[in-house]
Amino acid sequence: MIVLKSREELAKIRKASKIVAVILKEIEEMIRPDVTTEELDRFAEERIRSLGGVPAFKGYRGYQATLCTSINEEVVHGIPSKRSLKNGDIIGIDCGAIADGYYGDAAVTFPVGQISEESAKLIQATRKALESGIQMMRVGNRLGDVSYAVQCQGDAYSYGIVMDFVGHGIGRALHEEPQVPNYGSPHTGIRLSPGLVLAIEPMFNLGTHLVKVLDDGWTAVTTDGRRSAHFEHTVAVTESGPEVLTVL
Ligand code: MF3
Ligand code: CO
């Protein structure tokens, strides 16, 4: 069942989403060689709580951290640890928060120091794919239009488009219907209505689209070891167009 959100519910998702936006902005300023992902995670948890929110991922299906920190060939769900960042790495930071019982969810892939042109292009294309998907979040369009817009950006660069993980409806729960694949066919799927809130989250790989989950039960990596980028926003369909909620 797909739940459309009322104005009141949207306000709560907006509040949770703003907290996420603050965290991602402040984490960006902490990204540098030698910082550990555990340090980033500790900061994020305290900061979410100081803003009146609750970390959304902590405790979700047994996940133990506030952030997902996915480095280089890690696609999503990397677990914060004592590993430190190195110049030239790229790191996906995924953050979710709960406020007044409602969820916000967003992710950004950041460069660490000086990165290769190949990595920079991957990051740019994945960011652009998210933007293309967001632009399709309009009344009268269909879900397949969002997915197809994302896919087209990946195809344009021949990147591997991850299929094993998808975007999702969000609101009262972190993951609601519908699923939002990063590939699809235009003019198919449900029609988009005001009050629909989706987390759109493209994941593009330099090489194969294939991923596997490590023995830790969480970390998804590319099977060829090449790098991956991930961006995500929580976005509402309104009468006047898409509203990106996970921005300041
Ligand atoms: N943004 C991711 C998602 O929507 C983060 C979930 S991590 C988890 O699936 F730990 F909460 F599972
Ligand atoms: Co998500």
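I count a salt bridge when a side-chain nitrogen of Lys or Arg lies within 4 Å of a carboxyl oxygen of Asp or Glu. With that rule, I searched the whole structure and found 10 salt bridges.

**Ground rules.** I am working on a predicted model, where local features need pLDDT of at least 70, side-chain atom pairs count only at pLDDT 80 or more, and totals for chains, interfaces and linings use all residues. Residues are numbered from 1 along each chain as its sequence is written, chains are lettered from A and ligands numbered from 1 in the order in which they are written, and side-chain values use heavy atoms, with hydrogens and water left out.

**Entry: salt bridges.** I looked up K5. K5 forms a salt bridge with E176, with the closest N and O atoms 2.6 Å apart. K5 sits in the segment before α1 (7-30) and E176 in strand β8 (residues 176-180), so this pair ties together parts that are 171 residues apart in sequence. I take helices (H or I, at least four residues) and strands (E, at least two) as DSSP runs, numbered from the N terminus. K5 and E176 are both buried. My burial scale is relative accessible area: buried is under 20%, exposed over 50%, partly exposed in between (1.4 Å probe, protein chains only).

I then checked a pair within helix α1. E29 forms a salt bridge with K25, and their closest N and O atoms are 3.0 Å apart. E29 and K25 are 4 residues apart in α1, about one turn of the helix. E29 is exposed, with a relative accessible area of 60%. K25 counts as partly exposed, at 39% relative accessibility.

Next came E45. Its salt bridge is with K58, the closest N and O atoms being 2.7 Å apart. E45 lies in helix α2 (residues 37-50) and K58 in the loop between β1 (54-55) and β2 (67-71), so the pair ties together parts that are 13 residues apart in sequence. E45 counts as buried at 17% relative accessibility; K58, at 36%, counts as partly exposed. A network of salt bridges links E45, R49 and K58.

Entry: D89 is buried yet has none; R227, the nearest side chain of opposite charge, is 4.2 Å away. For charge I count Lys and Arg as positive and Asp and Glu as negative; His and the chain ends are not counted. D89 has its place in the loop between β3 (74-76) and β4 (90-99). A polar atom of the D89 side chain lies 2.9 Å from the backbone nitrogen of K86.

**Entry: cobalt site.** Which residues coordinate the cobalt ion (ligand 2)? I find D105 (OD), H168 (NE2), E201 (OE) and E232 (OE), at 2.0 to 2.3 Å. Donors here are N, O and S atoms within 2.8 Å of the metal (3.2 Å for Na, K and Ca); water is not among the atoms, so sites may look incomplete. The donors follow the spacing D-x62-H-x32-E-x30-E along the chain. E201 lies in the loop between β9 (197-200) and β10 (203-205) and E232 in the loop between β13 (228-230) and β14 (233-238), so the pair ties together parts that are 31 residues apart in sequence. Both E201 and E232 are buried.

The 6 donor atoms around the cobalt ion (ligand 2) subtend angles of 65 to 170°, which makes the arrangement irregular. My cut-offs: four donors are tetrahedral if all angles lie between 85 and 135 degrees; four are square planar and six octahedral if opposite donors are over 155 degrees apart and all others between 65 and 115; anything else is irregular.

**Entry: strands.** I call two strands paired if DSSP finds at least two bridges between them. β4 and β5 run antiparallel, joined by 10 bridges. C95 stands opposite A106 in β5. In strand β5 (residues 102-111), 9 of its 10 residues are buried. The hairpin of β4 and β5 has 2 residues between the strands, and D100 takes a positive phi near 50° there.

β9 is covered on both faces: V197 and A199 on one side and L198 and I200 on the other are all buried. β9 pairs with β14 in the antiparallel sense over 4 bridges, with A199 opposite T234.

Note on methods. Polar contact = N/O pair within 3.5 Å; in protein donor to acceptor, adjacent residues only side chain to side chain.
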